[in-house]
Amino acid sequence: MLRLVLAAEQSRLAQVGAGTGPAPELQLRVYAYRAHPERTAFTLGERPFETSIGSFEPAGTRPPLDWAGFERFLERGLSLEGGRLDAAGQLRLLASEPTGRPRWLGRSLELSDLAVAYRAVFHGGAGEPYMSLDRGDMPQTASVNYGGRLRDTTLGLVSLLCDVRFKTFSLGIDVLEGADARARLRRRLVSFRTHVERFAKDPRSGSVLEQQTRLWFYPDAVELTLSEAGDVMVLRRARMTAASERAQRSAGEARLPAPWTQATVAAINEHYDELAEELPELADLDQVVRMLSLFAWLRQAADEGLAIPELDVLLAAELPTMSTPRTFPQLLGFNALPPAGREGPVEVLDRASVVASLDRLGGVSHGRLSAEQRFQRALAALDPRLPQHAQLARQLSSVNTASVPPTELDALAYRAERLVMHRLVLGTLPDEDRARLAERQRGFPERLRVFSVGIGGLDLRMGQVLARAERRTRKMGWGASRPIAGPRPAPPGTVMRHAPAEPKPDWRRDPDGLPSNIVPAHGLDAGGAPAPLVVDTAQNVRRWREFGGGWAQRVTSKGSEGRAWLQSVLGADGPEASSRLVEVGPEGRALLFERYEQSRALRYRFERTEQRLIARPAGPLGLADELKQRPVPAARDRSTPSEPERPATLEIAASGDPATLRVTLTAADQRELTADVPRSLLQRAVLGPRADVSRGLPLAGLAPFPDAAGSPPAVIVWSRADQQRVPWSSGPAEAVGAASIPGEENPLRLAEALNEWWREPRSRGPHAMIGTDRARTVARWQRAPRAENNALLLLPEPGFTGLLSGFDEQLESLWKAGPVARELPSSALSQTIWLVSAEPPGMLAERLRKMARSPALEGRLLAVWSLAGPIREDLPAGLLAEGRLAGVGVSAWPPTGRRGIATALADLASAVAAIRDRDVRVETLPGPTLWFF
């Protein structure tokens, strides 16, 4: 596996050398170590193994893989039915002609899919392949976990989609579309009933007030047959089985599923094919089983001493761009059920808006809230007027937070947050739904209950399938199909000859067709020349080079101490950025380390004892904060209008009292209004009007907009300084990555919510924006171009894969407000560009950085709708700092609710096309876009 990476690096170095002469030898230095996670230690060999390698041919102990044969197999659209190994270790695939070409997520299978399946089985880590939606940090979201390195792959996404379908089978809501799917499924399968419908109809459900059930797909019914020698494997059934498991609430409690749960699971298994016709990801799951089964068999064959091909070459296949969500919104629904056992409609109202509101309230920047802060916020949110809330509040109030571990505080906070979540689901129905249900209840009294179904997952372990596979000596076949690839299985009694383990000269080659990969340019010597000089001051010399989505730098101190700092950053603009900073002494020895990855930061140094190096916490590394960030180009100042409008401004700050925050509103005429506002009021504001249990009551001083502040055209909400820094930097007296901002303290979240409040007829107000630079924001907003009725919609390639594959075509059909492009035109651009993309947020951020530097966007407005999750909070300010853009608009969408996205874009297109006034500002257009100036 490593030889492929090293060969790709050798190719890069050959390119750096202009391709002259033979490929350079690589000097390798390898340190062996053994990890001891239970002791937070590892044993390190200080004396390295050193060698030089000029050729990276295979070892020759296994025959080359028939790469071209695999490609022909996929091109013909065959259905994988098994495989056979001959005595020399050559693999022949057994296949059949399917009734329809195997496809998944709308495309044909590719060699990269086989590569992912191989990696999952052979190099998947300690665990076997699986996918699971587990309890998230907050009750409204689930954490998406994978085994077998399936994250960001088609196999992983198919598994997630099949898991998400349990939500449809439970409540009837298609969370991807954001719509009730029951009528659509019943057109295909008349007998389809959801879990909650079966629950409502069963007379025994009357006494059940709560049920937590875990629904799962298991490989219990997947059937393989192996030859006696293990050299032939035939797939007899590639079908996963739906199953359920009741969550155990107390020791000794029965875990048998309820009868309505058993009936739901049985119906899924019985009518799987009919459901798969309407929900194609269920059919895609069969392909996952086939591929994983193939490589699970090959791994077992290798363990049993059979010769197998050199499969590692599959890792040279380039994987397509794919993003799987890291979290997934819970399905929250208001369910109106008739009395147990009685006929009557089961109404399921999707409350995805509550998820969005809670996400905004809990939104943090760069990290998590401390356990104690989260606990205190959750306790304060409980309503003592409600019995359940009051009971839990009494229990939590008695907790000594100083003596309770953080994990326990988080668990207690989670309980309180869950109660608050359900209160919002029940108490914030839209007026039209509330009126309809009230009318129904007057005609036939019934109890309304919220029935929540647990999260599920997929067990993709094919090892257990192999363990129970029948070994046969008679001729094997599979139904009426015949093998069309490879010879017949060996006759009964044939003894396999194992290929010799000694290397063979004719095996020391890679297969024809293997891609010639080259490692992308990286590091300070990425271009084969010293990194360019960025700054040379009296204190420091800074050399800095950008490559791909990252950068590297060396900062050398001119002081007598002779220190230097080496830093490398990967995914520099993405939400999963990582940074490694090393401080080096005059003699070239590393002194201190600072790492930032997975939203966590570490500063440490090594202390040497006789036989150990002990990592000790360290203080700041001495590199100025501005030198940890991307160099900023010189500011471009443009002329200001002669009689500019002036916006009002709003700022949030600490008040000295934990129960309040200081809000300062500066009117357009510079009059200043300051008040210490209860934190609870700001929390209500951030939740927004759609999740407001105090419906009808005004937000004192905020909505309606106060008369004392006049009638400004807009309100600029000042962002915090720590929201404009990259997450691995630090401000005064702050630790790296320590900025954790509750939603009510976050200016971005407050501005989003205020725009929702001010669109309400009874709470009218101006439009809120974000200010990123106190010296330039107002002038930047004043001279920004006005909205026009001929805006450009940019739907980039390959911006729509995975969950939103093909969605770009629907969006293109909705845009009636100007041209649509797949790449940014070099000229004749509109004043406003709306970029809509489902790319992974890190890749989208890289695209935005390039666009912000494009001369074609000089003085223009750029709005981005990220359909694969939020971009980083500091990115808009970084894009504006490039100096070309007039303003940046941002809207982030969860990986669900396609119908809502389409509706919002259609409304925006209608508003843009209807513009006739030359003085319409872009922030006044409908939709969830938050503008930064």
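Reader: Is R326 buried, partly exposed or exposed?
Author: R326 counts as partly exposed, because its relative accessibility is 27%. The scale is: buried under 20% relative accessible area, exposed over 50%, partly exposed in between (1.4 Å probe, protein chains only). This is a predicted model, where local features need pLDDT of at least 70, side-chain atom pairs count only at pLDDT 80 or more, and totals for chains, interfaces and linings use all residues. Residues are numbered from 1 along each chain as its sequence is written, and side-chain values use heavy atoms, with hydrogens and water left out.

Reader: What does R326 form a salt bridge with?
Author: With D152; the closest N and O atoms are 2.6 Å apart. A salt bridge here is a side-chain nitrogen of Lys or Arg within 4 Å of a carboxyl oxygen of Asp or Glu.

Reader: Which parts does that pair tie together?
Author: R326 is in the loop between α9 and β17 (327-329), and D152 is in the loop between β10 (141-147) and α4 (154-171), so the pair ties together parts 174 residues apart in sequence. Helices (H or I, at least four residues) and strands (E, at least two) are DSSP runs, numbered from the N terminus.

Reader: And how many salt bridges does the structure hold?
Author: 69. One of them joins E9 and R12, at 2.9 Å between the closest N and O atoms. Both lie in helix α1 (residues 2-16), three residues apart, about one turn.

Reader: Are E9 and R12 buried or exposed?
Author: Both are buried.

Reader: Which residues are linked in a network of salt bridges?
Author: R165, D174, R184, R188, E277, E278 and E281.

Reader: New topic. How many cavities of 30 Å³ or more?
Author: Six. On a 1 Å grid over the protein atoms alone, a cavity is a set of points where a 1.4 Å probe fits but cannot get out, and lining residues have an atom within 4 Å of a point. Points are joined across faces, edges and corners; volume is the space filled by probe spheres set on them.

Reader: Which residues are closest to the centre of the largest one?
Author: F73, L74, L78, L109 and Q287, out of 17 lining residues.

Reader: Which element gives the most to that lining?
Author: α9, with four residues.

Methods. 1 Å grid on protein atoms, 1.4 Å probe; cavity = no way out; pocket = protein on both sides within 12 Å on 5 of 7 lines; lining within 4 Å.
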